Structure formats: structure tokens, C-alpha cells
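Have a look at the structure first, and then we'll walk through it.

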Amino acid sequence: MVYLNTYPDLFTKFIKFGLVGASGVLVDFGITYLLKEKAKVHQYIANAIGFTIAASTNYLFNRIYTFHSQNPNLLEEYGKFLAVSMVGLAINSLVIWILVSKLKWNFYFAKVFAIGAATIWNFFANLLVTFI
């Protein structure tokens, strides 16, 4: 909760979170593409797998680089991070479903918007729940 009182620190952490997230986007898109296009896995399953693998790599980078966590209980912290990420995945999937199924957008274009929506949730939830 201390971060909410220090806007420059909050902004810096958000930028770092965004940089880590950018690496996660590469992992997410790469895994999703390989599974969907090459392995012919259903697009929503491929999306969930790509998102989950990216969330795991993002945990490690955010623990070290963004939030400088010293929590010795890695499994509990990782569990919280994954729980936050799963809500993020639900947000991500809902945005994709609405944009693709209802508005007929391109899947990958919709995914960009979905990542943006999930990023906002993930940052604040991890700030307030995971890395306290």
C-alpha cells in the first residue's frame, strides 16, 4: 500500500512492469502462434497456454526487476501471481471473445487490446496482493 502514496515510484514500477510485460508479449504471441498455426490447437486453448507461460516468466522478472521481492516463500508468492494472472487471463479471453466473435476483429489485433486490458489489472493486483 506504500506505493500508492509515492506516485513517482508507482510510475517507475509501472514502466518496469510494462518492460517485463513486453517480453511476456513476445513469449505469449510466440507460443500462441506456434500452437494455433503450427500445432493446430484451438485458438482459445493456444491463447491460454501462451498467456500462462508468459505469466510464469513475467513472475520471475517482476519479482527481481520490478518489485525487488525478498519474500522467502516463493511458492506462496508465485501462487498469488498466478491467481492474479488467471483473472487477467479471464479478462484477456473475454476481450478477445467480444472483439472476435461479436465485432469480427482479427484474432491477433484483438489480442493486442486484450493484453492492454489484462496489463492494467495485473499491475495493480500484483502491487496490492502479490508483492506487498
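Let's start with E77 and R63, both of which are buried. This is a predicted model, so keep that in mind throughout. The two side chains meet in a salt bridge, with 2.4 Å from N to O. E77 sits in helix α3 and R63 in helix α2, so the contact ties together parts that are 14 residues apart in sequence.

## The other salt bridges

How many salt bridges are there by this rule? The count comes to 4. Another one of them joins K111 to D28, where the closest N and O atoms are 3.0 Å apart. Are K111 and D28 buried or exposed? Both are buried.

Then there's E37, which pairs with K36 at 2.7 Å between the closest N and O atoms. E37 has a relative accessible area of 26%. Buried means under 20% and exposed means over 50%, so E37 lands in the partly exposed class.

## A nonpolar patch on the surface

Now for the outside. F11, F14, I15, L19, I64 and Y65 make up a nonpolar surface patch, and together they have about 610 Å² of accessible area. The elements giving two or more residues to this patch are α1 (7-38) and α2 (43-66). Which helix gives the most to the patch? That's α1, with 4 residues.

F11 is one of the patch residues, and you'll find F11 in helix α1. Its relative accessibility is 55%, and because the cut-off for exposed is over 50%, F11 counts as exposed.

## The largest pocket

Finally, the largest pocket holds about 250 Å³ of space. Its lining has 18 residues, and those lying nearest the centre are G21, F51, N58, T119 and N122.

Where does the lining come from? Helices α1, α2, α3 (74-102) and α4 (107-130) each supply at least two of the lining residues. Sorted by class, the lining has 8 nonpolar, 9 polar and 1 charged residues.

Key. Residues numbered from 1 in each chain as written. Predicted model: local features only at pLDDT ≥ 70, side-chain atom pairs only at ≥ 80, totals over all residues. Heavy atoms only, no water. Patch = residues over 30% accessible without salt bridge, like charges linked within 9 Å, V, L, I, M, F, W, Y side chains within 5 Å. Areas by Shrake-Rupley, 256 points an atom, 1.4 Å probe, with all protein chains shown as cover. Buried < 20%, exposed > 50% of the residue type's maximum accessible area, 1.4 Å probe, protein only. 1 Å grid on protein atoms, 1.4 Å probe; cavity = no way out; pocket = protein on both sides within 12 Å on 5 of 7 lines; lining within 4 Å. Points joined across faces, edges and corners; volume = space filled by probe spheres on them. Nonpolar A, V, L, I, M, F, W, Y, C, P; charged D, E, K, R; others polar.
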